[in-house]
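Keep the structure open beside you as you read.

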Amino acid sequence: MANTSIPILLSLFLFISSAIAEPLTVNVESLGAKPDGKTDGTKAFLAAWAKACASINPAVIYVPAGSFLLSKVVFTGQCKNNAITFQIAGTLVAPSDYRVIGNADNWILFQHVNGVTISGGILDGQGTGLWACKSAGKTCPTGATTLEFSNSNNIKIAGLTSLNSQMFHIVINGCDNVKMQGVKVSASGNSPNTDGIHVQSSSGVTILNSKIGTGDDCVSIGPGTANFWIENVILGKDQNEAGVQNVTLKTATFIGTQNGVRIKSWGRPSNGFARNILFQHAVMVDVQNPIVIDQNYCPDNKGCPGQVSGVKVSDVTYQDIHGTSATQVGVKFDCSSKYPCSRIRLQDVKLTYKNQPAQASCTDAAGTVSGFVQPSSCL
């Protein structure tokens, strides 16, 4: 009996040993990338991705210290393993001439990948030239998003810094199970359309312990987003639409921003909705619009003036929100006359303007209040 157990134990040992395989490590510099900020390293990065993607074992793509110039680059799955990590010790730099990638939609794109992690590093979109072109009223490219994950699952972005994107900094589109932690996003307050993190058509997205300051929306949520959680962040300055639901923002600080916790929809027909949304534990510091629902959004009065939003807004809770408003109206609910906002809840809200209670304004909005609420509710 003892002798027959030996080969069984041996085969079990061999199976466990083979399962714990060493990860493949690929250094982009060894494939020709140069950390001088001048030599285009796109081919080297794609070669590193090809090796990592073809590996049956987990893989690490290592980017050492220094500046690495990249043109538009697309990393595509499906891969043979579901654990590829970009370990970035240096800086990835976009071309200084904004026209090189200005009409490319995105600079760095991951599509159809599973289990990709980006750890550390800086992405410098070098967008200032394009911003200047736009502010001068010239004919300019639209601009590229710095980093996009599209139709991908089980993504992690940790300790990454995004600077001066031409357009959006980070876009999560059509993804499931995405965690962003310790992310920093920075662009000038006058940089146009530089949304910090934009999420659409995605589920299970989490943003934790991050700092975002841009010239547009710090975090924007597009149609088809569900189960979105935001916690401990500092924020500084088509008619067939899917809905937005199950969104939580928790423990956030807004400093000198145009808007605090905002829900907006175009003032035009839609079959979309925004529901089951919780804004909790937020601090406002001189914010122009601390709490706002704007369903008559129509920039430059183009494509929507005189129309009514078809988006149904319901079950929105504002809990433990306090601080200072930079304008007299600290709470503004400007809802659709066709589909008024319903089941809006204010609980323990205190907003002041110049050391006096702020004011509230409600149009086509209904709901309840509980606890101490200042300004006095207009619901």
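Arg262 and Asp217 form a salt bridge, with their closest N and O atoms 2.7 Å apart; the term stands for a side-chain nitrogen of Lys or Arg within 4 Å of a carboxyl oxygen of Asp or Glu. Before going further, please note that this is a predicted model, in which local features need pLDDT of at least 70 and side-chain atom pairs count only at pLDDT 80 or more, while totals for chains, interfaces and linings use all residues. Residues are numbered from 1 along each chain as its sequence is written, and side-chain values use heavy atoms, with hydrogens and water left out.

Asp217 also forms a salt bridge with Lys264, here with 3.6 Å between the closest N and O atoms. How exposed are these residues? Asp217 is buried, at a relative accessible area of 16%, while Arg262 is partly exposed at 25% and Lys264 is partly exposed at 33%. Buried here means under 20% relative accessible area, exposed means over 50%, and partly exposed lies in between (1.4 Å probe, protein chains only).

Elsewhere, the side chains of Arg343 and Asp315 meet in a salt bridge, at 2.9 Å from N to O. This pair links distant parts of the chain, since Arg343 belongs to strand β27 (residues 341–353) and Asp315 to strand β25 (residues 312–325), 28 residues apart. Helices (H or I, at least four residues) and strands (E, at least two) are DSSP runs, numbered from the N terminus. Arg343 is partly exposed, with a relative accessible area of 46%, whereas Asp315 counts as buried at 15%. As for Asp217, Arg262 and Lys264, salt bridges that share partners join them into one network. The structure holds five salt bridges. Side chains of opposite charge can pair when their charged atoms come close.

Now let's turn to two loop residues. Ser165 sits in the loop between β13 (161–163) and β14 (170–173), and it is buried, with 0% relative accessibility. What does the side chain of Ser165 reach? Not counting residues up to four places away in sequence, Ser165 touches residues including Gly125, Trp131 and Thr194, where contact means heavy atoms within 4.5 Å.

Thr225 lies in the loop between β19 and β20 (226–236). Thr225 is buried too, at 1% relative accessibility, and its side chain reaches the backbone oxygen of Gly222 at 2.9 Å. Leaving aside neighbours within four places in sequence, Thr225 is in contact with Val199, Gln200, Ser201, Ser202, Gly243, Val244 and Gln245.

Next comes the sheet. Six strands with parallel pairing make an open sheet in the order β5-β8-β11-β14-β17-β19. β5 and β19 (219–221) stand at its edges with a single partner strand each, so one side of each has no neighbour in the sheet. The twist averages 10° from one strand to the next. Two strands count as paired if DSSP finds at least two bridges between them.

Phe75 has Phe110 as its bridge partner in β8, and Val73 has Ile108. Helix α2 (residues 42–54) packs on the sheet, touching β5 and β8, and its direction makes about 5° with that of β5; axes are lines fitted to C-alpha atoms, for helices over the stretch in contact, and angles run from 0 to 180 degrees between N-to-C directions. Which residues of β5 are covered? Val73 and Phe75 form the covered face, and Val74 and Thr76 the uncovered one. In a regular strand the side chains alternate between the two faces of the sheet.

Finally, a word on confidence. The chain averages a pLDDT of 91, and 93% of the residues score at least 70; pLDDT is the predictor's confidence in each residue, from 0 to 100. Over residues 1–19 pLDDT stays under 50, and the model has zero contacts beyond four places in sequence for them.

Definitions and conventions: A polar contact is a pair of N or O atoms within 3.5 Å; within protein, one must be able to donate a hydrogen and the other to accept it, and residues adjacent in sequence count only if both atoms are side-chain atoms.
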